[in-house]
Structures are given as C-alpha cells and as structure tokens.
Amino acid sequence: MIGSVLRIWPIATNTLREAIRNKLLYALLFFGVLVIGASVLIASLSYVEGERIIQDIGLAAMQLFSVGIAIFVGIGLIHGEVERRTVYTILSKSITRSEFLLGKYLGLLLTVWLQLVLMAVAFAGVSAAAGASLSVTHVVAVLGIAMELAVVVAVATLFSTFTTPMLAAFFALGVYCIGHLTRDLNALGGQADDPVVRGLAQGIYRVLPDLDSFNFSLYAVHGWALAPNDVLWPMLYAVGYVLALLFMATYIFRVRDLK
Amino acid sequence: MKRGGQEGAMRELANERIKVEGLVKDFRPGLGLRSRRVLNEVSFSVREGEIYGFVGPNGAGKTTTLKILMGLIRPTAGQATILGHPVSESRFRQEVGFLPENPYFYSFLTAREILDFYARLSGISAADRKPKIAALLRDVGLEHAADARLKTFSKGMLQRVGIAQALIHDPSVVFLDEPMSGLDPIGRKEIRDIILKLRADGRTVFMNTHILTDVEMICDRVAIIVKGHIRYEGPIADLLRGDDMDSDVVLTRLPSDLGIRLQERYGSRVKGMGERIEVRVPDKDVNSLLTASLGAGAEVVSVTRNRHSLEHAFLSAVREGTASYPNEQKEMEKNP
Ligand SMILES: Nc1ncnc2c1ncn2[C@@H]1O[C@H](COP(=O)(O)OP(=O)(O)OP(=O)(O)O)[C@@H](O)[C@H]1O
Ligand SMILES: [Mg+2]
C-alpha cells in the first residue's frame, strides 16, 4: 500500500510538471480569467442585479474553462505516453499499469484543481471589487466544480487508454454535454407514454454522469440555503462515479498491448 | 544441443534466469486485416551470470520477444518467466533492468531529474538516490551533461541515459535492446566494458543486436532468430566449431608430387605452385595435411582458421531460414 503510494506519487507530480508546460492550458486559463474580469463590464450594462450577473458569469466561466482544460489535456494523457514510448521504461520498473494510470489521473486532477483555485481567486477578487457578497456557499460552488472536474478528468482518462486524442476529445465532449442534459432528458422521457422511451431516458440518466448535480452556483448567487446532505450526496456520487471509471480504465489499460 | 548428462541438465535448470517456451505472437496490422505470425514457437533459456546475445536480421522478431519479456505485449501462445516469475507480474521487476530500442524520455527533464524519477519508481530512498545517480552518470559518461534538459541530447547521449536508468536499481537481470546503437566507437567500448562489468558482478545480461563483432567479443551464448524462428541456440564456441569451417594452410618447399596430389584433391582451392603454396581445406583435414606435408619435408608457414566465422554462421542461418520459410506470410493468410 505504502509502496503503491510511493510509486504513484512521482508519476502524479511528473504529470503535473508536464501539464503546466502545455501552452493550451495557459490560453484557456487566460480566457477564463478574462471572462471573469469582463463580467464587470457586462454587468454594468444592466440596471438591476449587477452583482448577480457578475457571479453568474464568473462561476459559469470557471466551470467551462476548467472543464475545457480537463478535456484537452486529459485526452492525450495515456495515449501520448504509449505513442512516445515513455511507458516502456516506466513500466519496466516495479510499478503496475494500474498504479501508472492512477498516477496520471491524479497528476492531471491536481493540475486542473490548481487552475480552478487560480480562477477562484480571480473570481473572489472581482466579486469583492464589485461589492458582491461572498459566503460559504460560494466555496461550495467551487467545490462542486472541483467534483465535476474529477469526473470529467476520469472520463478523458478512460477514453485516452484506448483511443486517439481526436476521438477521445469527441467522446469526452459528448459525455460532458449529455451529462448536463441528462436530467432534462430524464424528465422529458418520464412524460412519454411509450415505456421504451421512458426506459431509455432512465437508462441514459443512470449510466452517464449527472453533471448538473454538482452545480451549486444558483445557491451561491442567490444566497439560497444548502443542507449538508445537498453537498454530501453529490460528493459520494462523484467518488463512486470516478472509481467506476478508473476501474474500467485500468482494466482496459491492463489488458491492451503497448506497441 | 548436447548436454552434459542429467546432472548437468539439473544444474542448468537451477541456474536458469530467463526461460522462454514456445512463444508465438500474431500481429493484426489493422482492423479486419489478417494477422501475421511474427514469432513462431520461440524457445530459449538464459543462465545466471552469462551475457546472452539474441541475434537476427532486421524484422526477425527480437524487439517483439523483448517486449513480451517486459510485459508490454502479451504472447498469443507460450510462456516466459524471469527469475521464475511469469512475465505478466510486476513486482519482480525490481530485479530487472530494461533498455528499450531508441529509448525516449520526458524531454523537459534533465538527465539527473529523469534518473531521480526512475529511482523513485524503483523505491530507492532519498538518501541513496543522490550518490547512486552521480555514480551512474559518471559510469555512462554523462557527468558534463547531467543538468541539461534531455531535449538537447544527441541520440548517443539518450542511449547512455537509457543504460543508466536500466541499472539504477541494481537489477540482477538486465535486458538491452541494441545497446550499441547510436554510439561512437569510444562509446561502444565504454558500453561493452559496462556490460562485462555487469557479468563480473554476477548479473545476467540479455542483449538484442545485429552487430556481430560485439557478440563475438562479449557474449557467452547466443540465439539466432530468423523470421520468428530460432535457428540456433547455444554457446558461441559451438557455433564457431562447425564442421563446415575452413582453414588456410601455407606451405613451402613442398615436393612436387605432393603438390600435384593436393591439386587433384582440392582443385581450385590450391593457390600458387612450386616454392610456396596456399591451400584452403576443411578443418577436419588440417591434421592429415600437415602430417603428410611435414613427412614429405615441406615447411609450414602458417595455419589460419577463417575469422569471419560468426558472420558465416549468421549468414548461413539467415539463408537457410529464408529458404525454409519463404511463404510464411502466405500460409498464414490461407489459414488465419
Ligand atoms: N505493433 C506491430 N504491429 C504489427 N506488426 C508489428 C508490430 N511490431 C512489430 N511488427 C512486425 O514484427 C516483425 C518483427 O519486428 P521486431 O521489431 O521484433 O524486429 P527486430 O528483430 O527487433 O528488428 P530490428 O533489428 O530492425 O530492430 C516485423 O516484421 C514488424 O513489421
Ligand atoms: Mg528491434
């Protein structure tokens, strides 16, 4: 167990070191912060509820750009290592393929969480400057984004174990989009008369991640109250979902040939 | 191969470090395409403390065999063990070092950093890492470039990094895929010395190569693989002692009647006439030729065994292999 951690950690830190050299990541971070800042301008066009607009836009920007980073860095995560053959020497050491994959996942997750923290600081700065209120619920909203990122990075990692970055991006974006629509789909399907349609909508809802369950921005922006369970359940859901994805990813990565 | 009785066979078994039995690997070039057999019933074994040369022409299946041994790809059939462990396991790799063909590393790290990374993966404590890495960098001749990023390294320098990482955890079995590739003559000598030192320390070395002079210089035993079939396995000495070997004998003051008899027997293999003649004879004839010549009052100037022996053995193995399995691919396609 300790041995595993000792092997996973250098992979994770090295992944982080490599990821923060990625220029795309800085571009996305830059635009994320830019949009958070620009929210002040947009809010000034409106006569009412300027602070809410600032925070709505700010939280949405954080979510969108950090997911963008997660997907675009994550899709090449495993594929790149196999393609460049850096795995040959790494896996010839006593590290298992699963440990390697977990290290890569962890490293990328740390990278995107780091970006999220940077954007959250920018968000807090802009909110404070505009006189918008900040509360614990705002922290929870950021935490929600962090949970969503954990799921999205796991999705990208999974696809990266068996397909090219192009296809992995396509699949991961698909999962992300449907993941945000799945509640609506389920609700819509539930109204259908045809039991097949109802079952299908239910099935999609169960299988694909329900990413809206991690969205607390409305609570933060409107100052609505949150019960501990409102956060705890989504958190458990995220952990379970990530574990399931990583389980599949390690299985695929373990059985495949590394040519 | 002849073995020295049952007792000898038992001793060999106990000392086996690498054992490969009936390895088969089929590659499918793409979805829906027919598979191609790249390894065909490959078997060999490597004993403790020897340098084992795995020799064959390009595309023979050397790297594929090594990838199977390293657990990177799975065999279609057959078994392989290292130190008694099936190659699909990971833990015993603590005891194994690997230099891949044309190694590639994270190019944003320096030589020292990448070695530190591999040392951590191998579970070497922080206190031991620093001196170990410094010593290895010296051994492979990279002291001057220790803190330069790998993306600035030449092919030969990367090869040296590759050798250093293969040895970082003091493995008892070391696998090297083309260890001399990309190295200048001095570098090759240095690497040869490193390999010889590994053997002197009691480690086992398995190396893929097609540089025969290196094999002749350092290997104890070899396997020759051609088109995925093992054509020879055993000590180099046996390979060179083949019955079809020739020697060049140079004689002077040979009585003319003996000269004529030689000409009758060996024909165009006799060069020169009268005072000094040179004749190329099979090894097994050398003794009788010398006895007859000396008896007749001739003088022996020199007897030279042909030196391209390994090359000769290699080339004939490749020729035979190519002749035996020319239609491998077609046969496979008929019954995939
Ligand atoms: N991933 C792969 N997919 C399909 N065919 C492959 C693959 N890898 C290797 N081959 C084929 O297997 C055969 C053996 O390749 P291998 O790399 O083992 O040769 P080698 O003996 O190492 O040659 P070299 O001396 O050139 O390094 C070649 O014909 C090659 O085309
Ligand atoms: Mg090769």
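Me: How much area is buried between chain A and chain B, and what share of it comes from carbon and sulfur atoms?
Reply: Buried area is the accessible area (1.4 Å probe) that two parts lose on being put together, summed over both. Carbon and sulfur atoms give 53% of it here. The area buried between chain A and chain B is about 2900 Å².

Me: Where do these values come from?
Reply: This is a predicted model, where local features need pLDDT of at least 70, side-chain atom pairs count only at pLDDT 80 or more, and totals for chains, interfaces and linings use all residues. Residues are numbered from 1 along each chain as its sequence is written, chains are lettered from A and ligands numbered from 1 in the order in which they are written, and side-chain values use heavy atoms, leaving out hydrogens and water.

Me: How many residues does each chain bring to the contact?
Reply: Contact means heavy atoms within 4.5 Å. Going by that, chain A brings 32 residues and chain B brings 33 residues.

Me: Which residue of chain A forms a salt bridge with Lys25(B)?
Reply: A salt bridge needs a side-chain nitrogen of Lys or Arg within 4 Å of a carboxyl oxygen of Asp or Glu. There are 3 salt bridges between chain A and chain B. In the one with Lys25(B), the closest N and O atoms are 2.6 Å apart, and the partner is Asp257(A).

Me: Which element gives the most to the side of chain A that touches chain B?
Reply: Helices are DSSP runs (H or I, at least four residues), numbered from the N terminus. Elements giving two or more residues to that side include α5 (86-91) and α6 (97-129) of chain A. The one that gives the most, with 9 residues, is α1(A).
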